[in-house]
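Let's take a walk through this structure together, one contact at a time.

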Amino acid sequence: MGLFTVFDIASSALSAQTQRLNVVASNMANADSAVSADGTPYRAKQIVFQAVPINRGSASQAVKVSGIVDDPAPPRLVYDPNHPLADAKGYVTFPNVNVVEEMANMISASRSYQMNTDVMNTAKSLLLRTLALGQ
Amino acid sequence: MLDRIDRYLAPNVNALNLRAQRSEVLSANLANSDTPNYKARDFDFRAAMTGALNKGDLRMARTSPEHLDPKAATGATPRLQYRMPAQPSIDGNTVESDAEIGRFSDNAIRYQAALSFTSQSIRALQTALQGQ
């Protein structure tokens with residue numbers, strides 16, 4: 001109900017944006033990982049957000065991470081015949097991480113996170129003032 | 001006597017309830033500002049407030065004193081509408097976060113205004129009750 005639900009909604013967004021930031025960090029850290037745990041080059045991960053009703057029958061919707069999918073973009077081929085992982089033609093397969101896109105993603109996630117903490121702070125100060133009503 | 005106090009405070013209580021509900025709707029818009037295909041929602045405060053004030057007598061019939069009065073505390077639920085975006089985005093999301101945060105702050109300030117009106121009303125009531 002009302003202002004208390006704001007906390008649930010904003011915190012769902014905070015946790016979703018944190019996961020997004022996590023995925024960005026993983027992509028950035030592995031931008032040059034030519035070998036991942038399963039032996040193939042690392043593939044960029046993308047997060048998928050989904051709106052879910054906060055309560056049964058409620059119109060207000062919180063955010064949920066519905067899944068983390070592999071980026072379908074083709075891998076980056078670099079010509080380096082001396083590299084130990086080079087194929088017969090001398091190309092090395094590097095991850096399909098686009099560093100520019102990931103930076104933009106990171107900035108967007110951090111702005112959204114800040115916005116939702118502002119919302120929480122506002123809701124908190126309104127509730128505190130409501131508690132002081134009639135004094 | 002008590003129902004008169006109830007009626008005296010009703011506009012303030014309705015305004016606070018609707019402001020709180022609107023802050024919930026707007027915070028949901030802000031939370032979903034990155035969700036693909038999410039449509040921003042809002043309600044017409046004036047229409048909701050008029051509806052809540054005129055609904056006072058249209059309550060569910062209570063045939064036993066042990067029945068709860070479901071509408072007594074909350075009033076009517078406002079009708080949610082979809083917002084028309086000025087600049088629709090490519091992923092189908094219609095939240096414009098800068099405009100939404102403006103509306104959220106505006107709503108918060110009006111909530112505080114309603115709060116101070118309510119506390120003035122309570123103070124006036126206390127003055128009348130003390131009779132000094």
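The axes of helix 1 (residues 2–29) of chain A and helix 1 of chain B come within 8 Å, crossing at roughly 5 degrees. An angle under 35 degrees counts as roughly parallel, so helix 1 of chain A and helix 1 of chain B are roughly parallel to each other. On the chain A side, the residues that meet the partner helix are G2(A), L3(A), T5(A), V6(A), I9(A), A10(A), S12(A) and A13(A). Facing them in helix 1 of chain B are N17(B), A20(B), Q21(B), S23(B), E24(B), S27(B), A28(B) and A31(B). Sorted by class, this helix pair brings together 8 nonpolar, 7 polar and 1 charged residues.

Now widen the view to the whole meeting of the two chains. Here 27 residues of chain B are in contact with 28 residues of chain A. On the chain B side, helix 1 and helix 4 (97–130) are the elements that give two or more residues. That side of chain B is made up of 14 nonpolar, 11 polar and 2 charged residues.

One residue of chain A is worth a stop: A123(A), which sits in helix 2 (residues 99–131) of chain A. Is A123(A) buried or exposed? The cut-off for buried is 20 or more other C-beta atoms within 10 Å; A123(A) has 25 such neighbours and therefore counts as buried. Setting aside residues within four places in sequence, A123(A) is in contact with L3(A), V6(A) and F7(A), and also with S23(B) from the other chain. Q19(A), by contrast, lies 24 Å from A123(A), C-alpha to C-alpha, and 104 residues away in sequence.

Let's finish inside chain B. Helix 1 (residues 2–31) of chain B also packs with helix 2 (residues 45–54) of chain B, at an angle of about 140 degrees and with the axes 10 Å apart. These two helices of chain B are therefore oblique to each other, and their crossing is right-handed. Helix 1 of chain B contributes P11(B), N14(B), A15(B), L18(B) and R22(B) to the contact, while helix 2 of chain B contributes F45(B), A48(B), M49(B), A52(B) and L53(B). By class, this contact has 8 nonpolar, 1 polar and 1 charged residues.

A last word on confidence. Chain B averages a pLDDT of 84, and 85% of its residues score at least 70. For the model, the scores are ipTM 0.84 and pTM 0.83. Where pLDDT is low, the predicted coordinates should not be read in detail.

Conventions:
Residues are numbered from 1 along each chain as its sequence is written. Chains are lettered from A and ligands numbered from 1 in the order in which they are written. This is a predicted model: local features need pLDDT of at least 70, side-chain atom pairs count only at pLDDT 80 or more; totals for chains, interfaces and linings use all residues. Axes are lines fitted to C-alpha atoms, for helices over the stretch in contact, and angles run from 0 to 180 degrees between N-to-C directions. Helices (H or I, at least four residues) and strands (E, at least two) are DSSP runs, numbered from the N terminus. Angles under 35 degrees count as roughly parallel, over 145 as roughly antiparallel, 65 to 115 as roughly perpendicular and the rest as oblique. A crossing is left-handed if the near helix is turned anticlockwise from the far one by less than a right angle, and right-handed if clockwise. Two residues are in contact if their C-beta atoms, placed from the backbone, lie within 7 Å. Ala, Val, Leu, Ile, Met, Phe, Trp, Tyr, Cys and Pro count as nonpolar, Asp, Glu, Lys and Arg as charged, and the others, Gly among them, as polar. pLDDT is the predictor's confidence in each residue, from 0 to 100. A residue is buried if 20 or more other C-beta atoms lie within 10 Å of its own, exposed if 12 or fewer, and partly exposed in between; C-beta atoms are placed from the backbone.
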